Amino acid sequence: MGNALTSILSFAIGSLWRRRSRAFALGIGLALTVTLVAAVLFLTEALRGEAERSQVALPDVVVQRLVAGRPTAVKLDDAKALEGIDSVASVRPRVWGYVFLPALQGNVTIVGVDKGVASLDASALEKGRDLELGKHEMVAGAPLARALGLVAGDSLGLPSPKPTPPLVLVGTFGSAVDLYAADVILCDEADARAILGLPADEATDLAIDVKNPEEARVVAGTVLERLPGTRVVEKHILERVYTLAYGRRAGLIFAACIPALIALVVLALDRASGLSPVEKREIAILKAVGFSIRDVLWTKMLESLVVASLATAAGLFMAYAWVFWLGAPGLRGALVGWSVLYPETPLTPAVDFAQLLGIAAATVGPFVGLSVLPAWRAAILEPMDAMRG
């Protein structure tokens, strides 16, 4: 049995070589389709993984005040009203906001650092040093610094409601935090208030750290009771938002890939439409020299299996290289899609074996299966009838 299967496989490969132009065309079309679909899946899962890892630094509960349904500044006194809640470890007023930069034609995020609070971990710095409070300094995301042509020691004047001293760049964030710091400028809280036009008795929102994360929902309910008119956002809700956002964008890209998927269907229909006269005569000759119907079907299935397997493997390899080696140019911006400055952090593969197996099964299975019917139709004919056409 093993020798027979080896002989059939050798004959199938030889048959493919004799029709290599057609096999190559089918394989290229199938590989490109797999590349596009797999790249979207690889990038989506990698970005979800990066987002989940970055959420470790997020507070358990965020409190925002709403006016006419829109977020507005909160009073610092609101923080004092929440400090006595059971399970609350700390309540931190945060000063941050967006500033439009004409040079980028987009917004950058200004984040204020309060006294006595470390602005960032040393490992997050790519170049330079951490900022010193009270000296009008800033630490910016590396993509932002490159887009503005800034190096350590350069000054940047930001648009603000009233004149403010320019900020001196003293360091840039490393690529490991690009996903959430690509367009961030970190500066002294006093500078951030001046740039954002935020009074000294107000903050953008309140960040609450909970002793037991399982009690975050109870804490959120208590906050709403003590501060009516506020919006409370729990950490697990943000995690769902990230998941849904990337899933929705991936769905839109898959919708844009419909022409490629149609091309795959056309390839499949080509396999199901029947065999060429040359292939029919070849099957008739095989029957005449002693091949059974089962042997003929095995031969055609192995031909399709070789083409589909090689094309799928090539497609998965090209998708992996596109996303994780080249950084997904042309695709990353569509999925990240939240800023004029897209994160440049190297992506960590997050696709498991089951997903790879699913892609392979969805590609190889139908392609091989559709080769059986036309081969069976040709194999059941008498050899002389088949050769006469």
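User: I'd like to start with the rings. How many aromatic pairs does a search of the whole structure find?

Analyst: Welcome! Searching the whole structure, which is a predicted model, turns up 5 aromatic pairs.

User: How do I read one of them?

Analyst: A pair of aromatic rings is described by two things, the distance of the centres and the angle of the planes. Take F317 and W325: their centres are 5.6 Å apart, and their planes make an angle of 85°. That pair is edge-to-face.

User: Which residues do ring pairs link into a cluster?

Analyst: The cluster contains F42, F317, Y320, F324 and W325.

User: Is W325 buried or exposed?

Analyst: W325 has a relative accessible area of 57%, so it counts as exposed, because the cut-off for that word is over 50%.

User: What sits over the ring of W17?

Analyst: There you find the charged end of R20, 4.4 Å from the centre of the W17 ring.

User: Let's step back. How many helices and strands does the protein chain have?

Analyst: The chain has 15 helices and 14 strands. Of its 389 residues, 43% are buried. The chain exposes about 19,900 Å², and carbon and sulfur atoms supply 63% of that area.

User: And what do the contacts tell me about the chain?

Analyst: Take contacts between residues at least 6 apart in sequence: 80% of them join residues at least 24 apart.

User: How do I read the way two helices pack?

Analyst: Look at the angle, the distance between the axes and the handedness of the crossing. Helix α11 (residues 293-325) and helix α13 (residues 353-369) pack at an angle of about 145°, and their axes are 9 Å apart. The crossing of α11 past α13 is right-handed.

User: Which residues meet there?

Analyst: On the α11 side, they include M301, L305, A308, T312 and L316. On the α13 side, L356, I359, T363 and F367 are among them.

User: Where are A68 and A328 found?

Analyst: A68 lies in the loop between β1 (61-67) and β2 (70-72). A328 is in the loop between α11 and α12 (332-336).

User: Is each one buried or exposed?

Analyst: A68 is exposed, with a relative accessible area of 79%. A328, on the other hand, is buried, at 1%.

User: One last thing: how far apart are L133 and A190 in sequence and in space?

Analyst: In sequence, L133 and A190 are 57 residues apart. In space, they are 8.9 Å apart, C-alpha to C-alpha. L133 is found in the loop between β7 (125-128) and β8 (137-141), and it is partly exposed, with a relative accessible area of 30%.

Note on methods:
Residues numbered from 1 in each chain as written. Predicted model: local features only at pLDDT ≥ 70, side-chain atom pairs only at ≥ 80, totals over all residues. Heavy atoms only, no water. Helix = DSSP H or I, 4+ residues; strand = E, 2+ residues; numbered from the N terminus. Buried < 20%, exposed > 50% of the residue type's maximum accessible area, 1.4 Å probe, protein only. Contact = heavy atoms within 4.5 Å. Areas by Shrake-Rupley, 256 points an atom, 1.4 Å probe, with all protein chains shown as cover. Phe/Tyr/Trp six-rings, centres within 6.5 Å; stacked < 30°, edge-to-face > 60°. Lys NZ or Arg CZ within 6 Å of the ring centre and 35° of its normal. Axes fitted to C-alpha atoms, helices over the stretch in contact; angles between N-to-C directions. Left-handed = near helix turned anticlockwise from the far one by under 90°.
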